Every structure is written in C-alpha cells, then in structure tokens.
Amino acid sequence: MNDVMERYLERIEQALRGYLPEPEKGDPSAPVREAMRYSLLAGGKRIRPVLALAFCALCGGDVDAALPFACAVEMVHTYSLIHDDLPCMDDDELRRGRPTNHRVYGEDIAMLAGDGLLTLAFETALSGEDQAASARAAHVLARCAGAAKTGMVGGQCIDLKTEGGEADLELLYAMDRAKTVALIAAACQMGCIAAGASEELLAAAGEYANGVGMAFQIRDDILDVVGDAAALGKNVGMDSARDKRNYVSLLGTEKAQALVEEYTQNAVQALDKFPGDGRFLRELALELARRNH
Ligand code: GRG
C-alpha cells in the first residue's frame with residue numbers, strides 16, 4: 001500500500017507542477033498564477049487524484065492516461081477550498097497548514113486564483129491523448145462540480161443556507177453527497193474512464209465513492225470536534241462556532257463513527273464488482289475511516 005501510494009503521490013506532484021509552472025519574470029498576470037501555485041502545491045492529502053489513478057489501475061488501464069484527470073480533480077478541489085475560506089463564506093485563516101490564500105494575496109486575487117484553477121482544471125482534463133475519453137471525463141467533472149442539487153456548488157449552497165437553522169439526517173445526507181461525495185465520485189469515475197471501463201464499472205466506482213465520501217465527510221465532522229489543529233493544518237471547532245449541523249451534532253461522536261465504519265464497509269463491498277485487484281483501494285478506505293488528519 002505505502003509503496004503504491006508513494007509512487008502515485010510522486011507522479012501527481014510532478015504532474016501538477018507541470019500543469020502550473022512558475023510564471024515568467026515580468027509577466028503582469030503573475031500574481032494570480034503565484035496564488036494558484038501557493039494553494040495547489042501546498043500539499044494536502046491528494047485523496048482525489050490518488051483515487052483517480054487507483055481506479056484506472058483497478059480497471060486495467062495505464063495510470064499515465066489518468067494523470068490529467070487526476071490533476072483536474074485536484075485543481076477543482078483546491079479552488080473550492082480557496083473560495084470556501086473567503087470572508088464571504090467560512091472566513092478561515094488556516095488551510096493545509098498555511099495562512100489561507102486570501103490572507104496572503106488578498107480577497108481579489110484569491111477569488112481569481114480559484115477561478116483560474118477551475119478553468120485550468122477543464123483545460124487539463126481535456127488535454128488527455130484520447131479525445132473521446134477526455135470529453136467524457138470533463139463532462140463527469142462538470143456535472144459533479146456544478147450547481148445542480150447533486151453537485152459540489154449545489155452542496156455548498158445547501159450548507160450556507162442551512163447554517164444556524166434546523167437540519168435532519170435526510171438533508172445532511174443530501175448536502176454531504178453533493179458537497180463532498182460528488183467530487184470524490186468524479187475522481188473515481190474519471191479514473192475508470194481513462195481505462196476505457198464500462199458503464200457498469202463506472203456505477204460500481206460511484207458506489208465505492210459514496211461509501212468512502214460519506215465516511216470521509218463524517219470523519220471530517222468528528223475531527224472538527226476531537227481533532228488536532230496542527231495535524232489537520234486547519235482550525236478545529238469551526239462547525240459548532242458557526243452553528244452548523246453535522247453528523248456529530250445530530251448523533252454524537254460514537255454513533256457518527258459507527259456510520260463511518262458502515263459506509264466504509266459499503267465502499268469495500270463495491271470493490272467486489274471489479275475483476276482487478278482491489279486491495280489498495282480497500283486499505284485506503286479503511287485508513288481514511290480512522291484518519292486523524
Ligand atoms: C466554495 C464552490 C465552493 C465549494 C466549496 C468542498 C467545499 C465546497 C468546501 C470545503 C470545505 C469542506 C468541509 C468540504 C467538505 C469536503 C472536505 C472534507 C474537504 C477537505 O478535503 P481534504 O481533507 O483536504 O481532502 P486536503 O487539504 O487534504 O486536500
């Protein structure tokens with residue numbers, strides 16, 4: 001698991017740097033690309049791009065074909081974090097162990113950096129050698145990142161509009177599926193697309209993503225209560241400070257962790273639908289269920 005993970009991470013870091021090189025000296029548009037690099041190259045767990053590569057391998061593909069898709073998902077994810085941290089949203093000061101983008105570059109450039117990353121994501125996704133696969137992958141990414149009630153922007157809207165109000169488990173599930181699961185599903189399915197997988201396998205990747213994504217978000221809710229800010233690289237206690245409903249506020253920590261385990265098992269079971277070796281993705285799901293950062 002660790003060797004494979006290291007190899008994936010190396011390829012992802014190298015590819016991300018290649019897609020967003022240092023701006024040339026004297027380039028008047030350099031500040032926005034510096035701000036994009038600041039957040040994109042600041043580390044982070046890289047879960048989404050790793051999932052894209054791992055699903056490509058699981059479906060028998062060449063992981064190089066999935067690299068543009070993997071990087072595209074990470075760019076969309078990073079843009080969402082930059083925008084989510086802005087004063088008009090969560091107004092956070094710490095992300096990936098560093099001051100947030102707007103604290104360093106100002107709100108105007110931070111907003112542009114997010115816009116720039118979103119646009120670069122689609123340029124990158126569409127740069128794959130197989131044009132039909134690239135178009136299919138870009139379409140999946142657009143749908144999952146978008147403003148429909150099942151897309152990431154839609155989920156963020158539900159999050160903002162329910163802050164301070166009542167929310168039941170049904171609404172929480174809809175919000176988390178859109179806000180968190182959708183992009184994780186895009187990563188898994190784009191990996192399958194890079195390998196030329198069937199619609200049946202894409203559906204199975206969606207099931208894995210639902211399990212891992214829900215477990216990931218609920219674990220995130222738990223870590224906001226019991227986690228360590230230094231390990232997480234972001235401040236904790238923010239959900240209760242903002243009066244946000246989540247699985248911990250509705251169920252308590254113990255029941256929330258039981259749900260994490262249940263969703264993780266669902267994810268692991270979905271791997272049986274693939275003919276390839278699912279061990280890496282199984283272990284990744286189990287590790288994420290117990291993560292502390
Ligand atoms: C502002 C358009 C827009 C969308 C924002 C994804 C999101 C929607 C906001 C980020 C805040 C948040 C709690 C999102 C839920 C998903 C999540 C747990 C994100 C953090 O992802 P990690 O832990 O972060 O993978 P790293 O830094 O490791 O990449």
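Biologist: Which helix gives the most to the shell around the ligand?

Modeller: Helix 4, with 6 residues. Helices here are DSSP runs of H or I, at least four residues, and strands are runs of E, at least two, numbered from the N terminus. Helix 4 spans 63-85; helix 8 (152-162), helix 9 (169-194) and helix 10 (199-226) also supply at least two shell residues each. This is a predicted model: local features need pLDDT of at least 70, side-chain atom pairs need pLDDT 80 or more, and totals for chains, interfaces and linings use all residues. Residues are numbered from 1 along each chain as its sequence is written, and side-chain values use heavy atoms, leaving out hydrogens and water.

Biologist: How many residues surround the ligand, and which are the closest?

Modeller: A residue is near if one of its heavy atoms lies within 4 Å. Here 17 residues surround the ligand, and the closest are Lys-45, Arg-48, His-77, Asp-84 and Arg-96. By class, the shell holds 4 nonpolar, 7 polar and 6 charged residues. Asp, Glu, Lys and Arg count as charged; Ala, Val, Leu, Ile, Met, Phe, Trp, Tyr, Cys and Pro as nonpolar; the others, Gly among them, as polar.

Biologist: Which side chains place a polar atom by a ligand oxygen?

Modeller: Look for N or O pairs within 3.5 Å. Lys-45 has a polar side-chain atom 2.6 Å from a ligand oxygen. For His-77, the distance from a side-chain N or O atom is 2.8 Å. Arg-96 also has a polar side-chain atom 2.8 Å from a ligand oxygen. Alone, the ligand exposes 700 Å², and the protein buries 92% of that. Those areas use the Shrake-Rupley method with a 1.4 Å probe.

Biologist: How many cavities of 30 Å³ or more does a search find?

Modeller: Rolling a probe the size of a water molecule over the atoms shows where empty space is left. On a 1 Å grid over the protein atoms alone, a cavity is a set of points where a 1.4 Å probe fits but cannot get out; lining residues have an atom within 4 Å of a point. The search finds 2 such cavities.

Biologist: Which helix gives the most to the lining of the second largest cavity?

Modeller: Helix 9, with 3 residues. That cavity holds about 60 Å³.

Key:
Polar contact = N/O pair within 3.5 Å; in protein donor to acceptor, adjacent residues only side chain to side chain. 1 Å grid on protein atoms, 1.4 Å probe; cavity = no way out; pocket = protein on both sides within 12 Å on 5 of 7 lines; lining within 4 Å. Points joined across faces, edges and corners; volume = space filled by probe spheres on them.
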